[in-house]
Amino acid sequence: MYDYDQKSIDIHTFIEIAKNIFQYSNESIIVTDAQNRILFVNPAFEIVTGYSAEEVIGKNPRVLRSGMHDKPFYEKMWNDIEQHGVWKGEIWNKRKDGELYLEWLTISVVKDRKGNVTNYVAVFSDITEHKRNIERLTRLALYDTLTKVPNRHLLEKRLESIIRMSKKHNQSFALLFLDLDRFKNINDTLGHRVGDMLLKETAQRLKSLLRKQDTIARFGGDEFVIILPSLKHIREAVYIAEKIVESLKRPFYVNHQEMYISTSIGISVYPFDGTDKETLIRMADRAMYQAKKNGRNQYVLYHDGMHHNGKQLFQLETALRKALDRREFELYYQPQLDVKTKQIRAVEALIRWNHPEKGFISPGMFIPLAEESGLITPISDWIMMQACEHLKQLQLRFPYVKMSMNISPIYFQQIDFIEKLQKTIESVNVNPRSIELELTESAVMPHAEKSVERLTMLKTMGISIAIDDFGTGFSSLSYLHRFPIDILKIDRSFIKQLSRYREDSAIVNAIIMMAHSLRIQVVAEGVEMEKQYQILEKQSCDFVQGYYVSKPLPISELYEFLDMWNHLYD
């Protein structure tokens with residue numbers, strides 16, 4: 001027990017602390033009496049609203065009302081306050097100069113010992129800019145920044161919805177997969193800027209041919225996908241395909257220069273060629289390649305004879321099954337540079353397949369095949385073990401270096417994924433705090449609740465979580481709050497044109513600012529030029545990765561690189 005003097009000191013100290021909180025808080029504070037007349041406001045309130053304390057004391061807080069909310073909104077607010085003693089939520093209010101702003105508001109009740117209301121305390125923060133950033137990034141997540149049409153992720157979401165509706169109402173729809181013929185030649189001869197302008201013009205021309213209910217999306221590069229819902233007859237899809245082929249034959253004028261392109265189109269039809277989005281896209285893609293083989297500048301309807309491209313795909317899968325036993329896989333490592341300290345903070349493990357006859361085969365070719373055939377599991381097991389063993393060796397000389405590993409969505413969703421990872425870490429005896437796992441949205445979003453639980457377990461183990469290819473397909477940014485994420489990796493497609501286009505620079509800057517506001521670090525992938533690095537450094541990007549720092553290296557060359565780097569920057 002304290003004596004009376006000690007209690008007095010404690011009360012005095014408490015009052016001083018309360019004064020400091022009120023005076024120096026970054027959040028705006030209003031204190032009213034029981035009749036809701038303003039008694040006090042803090043300096044943060046004056047800064048946000050533009051009203052001085054003298055102008056509002058004695059008035060009702062409704063002086064801030066924006067007119068954006070109706071009477072039932074406020075009735076519900078005060079009903080919650082009376083019933084629960086508190087209300088929290090977003091609300092639009094108005095500054096003294098008339099500008100509207102969005103705030104996150106908490107109103108709580110203060111009562112005396114008898115239970116009578118004596119005061120109301122409102123605490124709020126201006127979240128207008130935060131909301132705008134979310135809207136910008138949401139737009140970025142759903143639409144292609146160059147052509148302004150839906151991106152691949154939004155396409156897939158709409159395709160899922162159309163499949164459900166078509167099944168419910170027993171309807172058909174067509175999917176058209178378009179690839180621009182010889183577009184690479186234009187990029188190579190006239191430059192990427194001209195190529196980008198041509199893609200924008202192409203997207204606009206395609207949109208002009210479609211109905212309001214149709215969807216066009218940029219699938220990637222010079223590929224577009226069009227969904228034609230509610231077909232009465234396949235002739236309707238053929239008619240649109242013919243119109244597209246004819247339309248793209250007409251000359252384009254870019255930078256006062258006349259140029260010509262054409263397109264090859266593959267068509268698949270629900271439910272005859274597939275009943276899920278992956279199958280329908282794959283079948284239309286195969287039909288498109290057949291159109292190219294037939295001489296380009298035409299369309300082809302999918303048929304069963306195209307299935308699996310037969311012998312070639314079978315041979316590659318057979319070779320892939322033997323690759324592990326034959327030790328044909330190898331891990332290369334690409335360093336990540338800490339922009340502030342100029343030290344190498346981590347290396348990303350990248351798998352390479354050195355086929356005895358075909359040479360190096362692109363991961364873009366064999367990883368999807370491994371996922372489709374089920375071989376991704378033993379391959380991922382090998383990657384985890386090999387990367388952990390190399391990390392253990394590396395840290396004997398470079399104890400600060402972390403290991404980053406890409407995790408396939410299929411591998412991540414396996415029931416024993418956590419268990420296998422734990423066993424690998426324990427068997428190699430490596431520090432889990434030195435491990436980062438890179439996941440894409442497709443790994444975590446389909447089973448969000450389960451993913452949250454799994455990611456939380458990984459974080460408990462000390463493992464860091466990175467979201468890879470950020471900016472290319474996220475439909476919602478809510479996962480940034482829901483999931484325990486440490487790092488965002490900005491996709492190289494945004495970095496590529498960073499020094500040339502202001503729009504890409506603004507997008508990258510918005511991502512960095514949003515990530516930092518959520519205490520998430522940022523890695524920029526695909527940094528190849530000093531100008532890109534300088535822009536990223538100015539925008540306070542945390543880490544960079546790409547050929548500007550180093551190409552991916554086999555483990556022996558990685559030791560040499562790290563020794564050289566340390567010698568240069570010590």
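The structure is a predicted model, in which local features need pLDDT of at least 70 and side-chain atom pairs count only at pLDDT 80 or more, whereas totals for chains, interfaces and linings use all residues. Residues are numbered from 1 along each chain as its sequence is written, and side-chain values use heavy atoms, with hydrogens and water left out.

Of the 570 residues of the chain, 49% count as buried, a term that denotes under 20% relative accessible area, with exposed denoting over 50% and partly exposed the range in between (1.4 Å probe, protein chains only). The C-alpha trace spans about 90 × 65 × 50 Å along its principal axes, and the secondary structure comes to 22 helices and 22 strands, assigned as DSSP runs (H or I, at least four residues, for helices; E, at least two, for strands) and numbered from the N terminus. Among contacts with a separation of 6 or more, 61% are accounted for by residues 24 or more positions apart, where contact means heavy atoms within 4.5 Å.

H69 lies between helix 3 (53-56) and helix 4 (71-84) and, leaving aside neighbours within four places in sequence, is in contact with Y74, I91 and W92. The C-alpha atoms of H69 and I91 are separated by 8.1 Å, although these residues are 22 apart along the chain, and the side chain of H69 reaches the backbone nitrogen of W92 at 2.9 Å.

Backbone geometry was considered next. Most residues other than glycine have a negative phi, and most peptide bonds are trans. By contrast, the peptide bond from Y270 to P271 is cis, with omega near 0°, and P271 is placed in the loop between strand 11 (262-270) and helix 10 (277-293). Positive phi values, near 55°, are found in N255 and in R327, neither of which is glycine. N255 occupies the loop that joins strand 9 (252-254) and strand 10 (257-259), while R327 is located in the loop between helix 11 (310-323) and strand 13 (329-338). R327 counts as exposed because its relative accessibility is 76%.

Note on methods
Polar contact = N/O pair within 3.5 Å; in protein donor to acceptor, adjacent residues only side chain to side chain.
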